[in-house]
Amino acid sequence: TIQRPRSEQLYAEALEHIVGGVNSPSRSFKAVGGGAPVFMKRAQGAHFWDVDDNRYIDYLCAYGPIITGHAHPHITEAITRAAANGTLYGTPTELEITLARMLKEAIPSMDKVRFVNSGTEAVMTTIRVARAYTKRSKIIKFAGCYHGHSDLVLVAAGSGPSTLGIPDSAGVPVSIANEVITVPFNDLEALSVALETFGDDVAAVMVEPIVGNFGMVMPEPGFLEGLCRMTREAGALVIYDEVISAFRFHYGSAQTYSAFPDHAATRPDLTALGKIIGGGLPIGAYGGRKHVMEQVAPLGPAYQAGTMAGNPASISAGIACLEVLQQPGVYERMDAQAIELASALQGSADKHGIPLTINRIRGSFSAHFCDHPVTNYDEAQDTDGERFAEFFRLMLDQGICLAPSKYEAWFLTTAHTSEDIAATIAAAERAFAQM
Ligand code: PMP
């Protein structure tokens with residue numbers, strides 16, 4: 001197996017200077033038994049090299065943005081060109097118009113767009129805009145959906161759909177949690193109760209239309225249509241958080257995905273974006289119906305600003321990334337690889353008597369250690385974290401890099417090769433045999 005003395009040494013050093021040794025808690029190995037996370041020093045295509053010169057096949061893909069693989073030449077060239085022209089102006093640029101047009105063409109519910117720096121900012125602002133537009137204050141969200149780390153969305157389920165939330169994080173005031181109602185995903189009945197109870201106060205219903213944060217979970221047939229209809233009847237806005245899902249499954253958003261053919265019935269008022277649209281550099285964006293977006297300063301009373309927003313490097317990387325994704329066949333190829341990998345994993349787990357539930361949505365999938373379907377957060381929580389931790393370590397020690405969480409997806413990229421897939425299947429077979 002792989003040895004990582006230098007990662008261990010750097011982790012000890014990082015702990016002295018960086019809180020928890022990591023700059024995002026999801027990077028720590030806390031959920032998989034602790035210890036030093038792997039310190040990477042280089043990435044190319046579907047591969048990582050750590051500080052001990054071990055090579056890994058990457059399925060973490062930076063939690064989603066790296067869909068073209070690392071250091072894709074077209075994106076690298078765009079970033080290099082942007083850097084040479086100056087990285088930040090504090091003025092508008094033509095590049096921003098180009099990326100805004102590309103987003104609008106792919107996501108027709110976005111009449112107007114605004115760029116920000118992260119998914120968190122994008123989501124946070126859609127909530128402000130919805131509140132400004134409706135002059136109401138409460139939001140309804142779904143248990144287990146992650147919408148970044150702003151106060152309002154760090155609120156977990158109360159005891160039922162007609163109760164208010166409790167803060168999920170210290171530092172979030174109860175008064176803010178009182179503005180949030182959490183209901184189970186895929187449960188229109190619970191949504192209807194929540195809307196009946198709080199309807200006149202609800203500014204928006206916020207959802208990951210295709211979930212990426214407690215596994216990959218599709219909405220059941222009719223769920224998004226029902227959600228949109230009921231929300232509108234209550235006079236509230238529909239916000240899609242597509243920070244993970246946009247451009248992940250096809251060139252577009254959930255709103256234009258072939259799984260939901262009635263695009264008018266699943267059309268949101270506002271959409272939050274991030275990750276892929278920045279091609280690996282920091283970005284977020286939000287957009288929606290013209291009248292709603294006109295709430296935003298300088299046109300309207302809802303304030304939102306950003307020193308780094310729309311910076312030429314992030315925008316250039318985003319344009320280049322979308323250009324790569326426009327090439328014919330890229331999604332089909334990722335699909336085919338995900339199908340091959342997921343079915344081999346399932347076969348291998350079955351052979352060794354290990355319960356495994358794979359939810360695959362085109363080129364990405366989640367693999368939960370359980371023997372029941374995963375359609376909502378309760379079912380995702382009720383999966384075997386210890387088994388996942390064991391599998392995670394056995395894979396890592398064979399040079400396969402997954403996210404250190406039982407909830408996270410495996411992401412394919414345009415850079416994974418058939419050799420990568422074969423090596424991963426062989427590693428998983430050895431891991432399951434050992435478990
Ligand atoms: N929304 C969703 C659906 C996400 O998956 C994430 C990040 N994982 C965010 C929002 C927050 O994005 P960021 O980390 O860029 O702030």
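**Overall dimensions.** I began with the radius of gyration, taken over C-alpha atoms, for which the globule rule is 2.2 Å times the number of residues to the power 0.38. The protein chain has 435 residues, so a compact globule would come out near 22 Å, and the 21 Å of this chain agrees with that. I noted that the model is predicted, that local features need pLDDT of at least 70 and side-chain atom pairs count only at pLDDT 80 or more, while totals for chains, interfaces and linings use all residues. Residues are numbered from 1 along each chain as its sequence is written. Along the principal axes, the C-alpha atoms fill a box of roughly 60 × 55 × 45 Å.

**Secondary structure and packing.** For burial I used C-beta atoms placed from the backbone, a residue being buried with 20 or more others within 10 Å of its own, exposed with 12 or fewer, and partly exposed in between. On that count, 51% of the 435 residues are buried. Taking a contact as two such C-beta atoms within 7 Å, I found that residues 24 or more positions apart make up 73% of the contacts with a separation of 6 or more.

**Helices α6 and α7.** How do the axes of α6 and α7 cross? With axes as lines fitted to C-alpha atoms over the stretch in contact, and angles running from 0 to 180 degrees between N-to-C directions, α6 (residues 188-198) and α7 (residues 223-233) come within 10 Å and cross at roughly 10°. That makes the two helices roughly parallel, a label for angles under 35 degrees. On the α6 side I listed L188, L191, S192 and L195, which meet F223, G226, L227 and M230 of α7. These residues divide into 6 nonpolar, 2 polar and no charged, where Ala, Val, Leu, Ile, Met, Phe, Trp, Tyr, Cys and Pro count as nonpolar, Asp, Glu, Lys and Arg as charged, and the others, Gly among them, as polar.

**Ligand shell.** Of the 15 residues around the ligand, S118, G119, T120, G148 and V243 come nearest. Helix α4 (residues 119-134) gives the most to this shell, with 3 residues, and by class the shell has 5 nonpolar, 8 polar and 2 charged residues.

**Q346.** I placed Q346 in helix α10 (residues 330-351), where Q346 is partly exposed, with 16 other C-beta atoms within 10 Å. Leaving aside neighbours within four places in sequence, Q346 is in contact with L356 and I358.

**Backbone exceptions.** Most residues other than glycine have a negative phi, and most peptide bonds are trans. I found a cis peptide bond joining A297 and P298, with omega about 10°; P298 lies in the loop between α8 (290-293) and α9 (312-325). A62 has a positive phi of about 55° and lies in the loop between β3 (55-58) and α2 (73-84). N186, in the loop between β8 (180-183) and α6, has a positive phi of about 70°. Are these two residues buried or exposed? A62 is partly exposed, with 14 other C-beta atoms within 10 Å, whereas N186 is buried, with 20.

Terms used
Helices (H or I, at least four residues) and strands (E, at least two) are DSSP runs, numbered from the N terminus. Angles under 35 degrees count as roughly parallel, over 145 as roughly antiparallel, 65 to 115 as roughly perpendicular and the rest as oblique. A residue is near a molecule or strand if its C-beta atom, placed from the backbone, lies within 6 Å of it.
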